Amino acid sequence: MSESPGSPEPSRSSEPPRSSELPELPGSPGTGSEEPAVRLRSVYRTFDAETAPVHALRGASLTVARGEFVAVMGPSGSGKSTLLNVVAGLERVDDGSVTVAGIALTALSEADLARLRRHHVGMVFQFFHLLEAMSVADNVVLAARLSGAGRRAAVRRGHDLLDLLGLLERADSMPGTLSGGQRQRLAIARALANEPTVLLADEPTGALDSAGAAEVLDLFTRLHERGQTILMVTHDPQVAAGAQRIVTMRDGRVSTSASGGAGAGTGAAGVAGAGGATVAAGVAGAGGATVAGGGAGRGRAEVSA
Ligand SMILES: Nc1ncnc2c1ncn2[C@@H]1O[C@H](COP(=O)(O)OP(=O)(O)OP(=O)(O)O)[C@@H](O)[C@H]1O
């Protein structure tokens, strides 16, 4: 997530800013909804290590269309988390290009990367990163405030998200009283508080038992049906099969891509009809965001670039 311990920015209006209202971000084309949610082209990232450099990404390329639900699999150390971190602007690339909603990340300063995260990216991790001293509701409201929403809009968005994610009856509970699956659902609610262009999930079911994992996967499926773009790293083939498309990483590259299970059945109507459908109405209850049709990748297998 993009929140920082600092105080929230003052609200510019009662509703959150949308991508097309961020012309001040360098590289913003101003027509974000026509661009893929995510595009990586020939991305390289090498880390210094004690003995020898580690080439985490070695020419990784991947395009995620708006509304797509893509799972990333691959052996340990193949670069999956690094790829997510690059998309989130948490890691800089050494070479190649990365765009999120059409905005080129390589051109952005650290401050602009933080703003891009605040407006376009939601992140969930294996361990939930909740604010344990705050109620369930306040966890989400604070996340919305940090994304720039005014107080009333943030409260409304928190309510809508908890309702959507099946946590409304636990709004006044403390996170420590929730089950693992509920804790991850709360983390997802926080990640969606800024109505992100893309939800990035790094092993979101890794710390859950099979019931909790099924709960989270079901939620991702519903969010996908509502047009939410999701890029998820997982080691679990059953979880990956719930995605619309599965890509495999090897040695720092995206090597293969195949259709997952999501597009074949329930996801089809929601995603195929997503051209012009509002995410805000479905996900966060605050008007404005639109997603382009995201059906690419459904029902096909390919070798990706
Ligand atoms: N900050 C870092 N400093 C040094 N090396 C790093 C750093 N981050 C990642 N690496 C190395 O880069 C390689 C790719 O790491 P990454 O975490 O992206 O792989 P992964 O596919 O997500 O692995 P896993 O499935 O085990 O989580 C690994 O060899 C890892 O040790």
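In which sense do β6 and β7 pair, and over how many bridges? The answer is in the first view of this predicted model.

**View 1. Here β6 meets β7.** Strand β7 covers residues 198-202, and β6 pairs with this strand in the parallel sense, over 4 bridges. To find your place, look for Val124, which stands opposite Ala201 in β7. Then pick out helix α5, residues 180-191: this helix lies across β6 and β7 and runs at about 165° to β6.

**View 2. Step back and you get an open sheet of 6 strands.** Reading across, the order is β6-β7-β8-β3-β9-β10, with mixed pairing. β6 (121-124) and β10 (253-259) are the edge strands, each pairing on one side only. On average, neighbouring strands in this sheet are turned by 20° against each other, ignoring direction.

**View 3. Now for the shell of residues around the ligand.** Among them are Phe47, Val54, Ala56, Pro75 and His235, along with Gly77, Gly79 and Thr82. Sorted by class, the shell has 4 nonpolar, 7 polar and 1 charged residues. Both β2 (54-64) and α1 (80-87) supply at least two residues each, and α1 gives the largest share, with 3 residues.

View 4. On its own, the ligand has 630 Å² of accessible area, and the protein covers 60% of that.

How values were computed: Residues numbered from 1 in each chain as written. Predicted model: local features only at pLDDT ≥ 70, side-chain atom pairs only at ≥ 80, totals over all residues. Heavy atoms only, no water. Near = heavy atom within 4 Å. Areas by Shrake-Rupley, 256 points an atom, 1.4 Å probe, with all protein chains shown as cover. Nonpolar A, V, L, I, M, F, W, Y, C, P; charged D, E, K, R; others polar. Pairing = 2+ DSSP bridges. Axes fitted to C-alpha atoms, helices over the stretch in contact; angles between N-to-C directions. Contact = heavy atoms within 4.5 Å.
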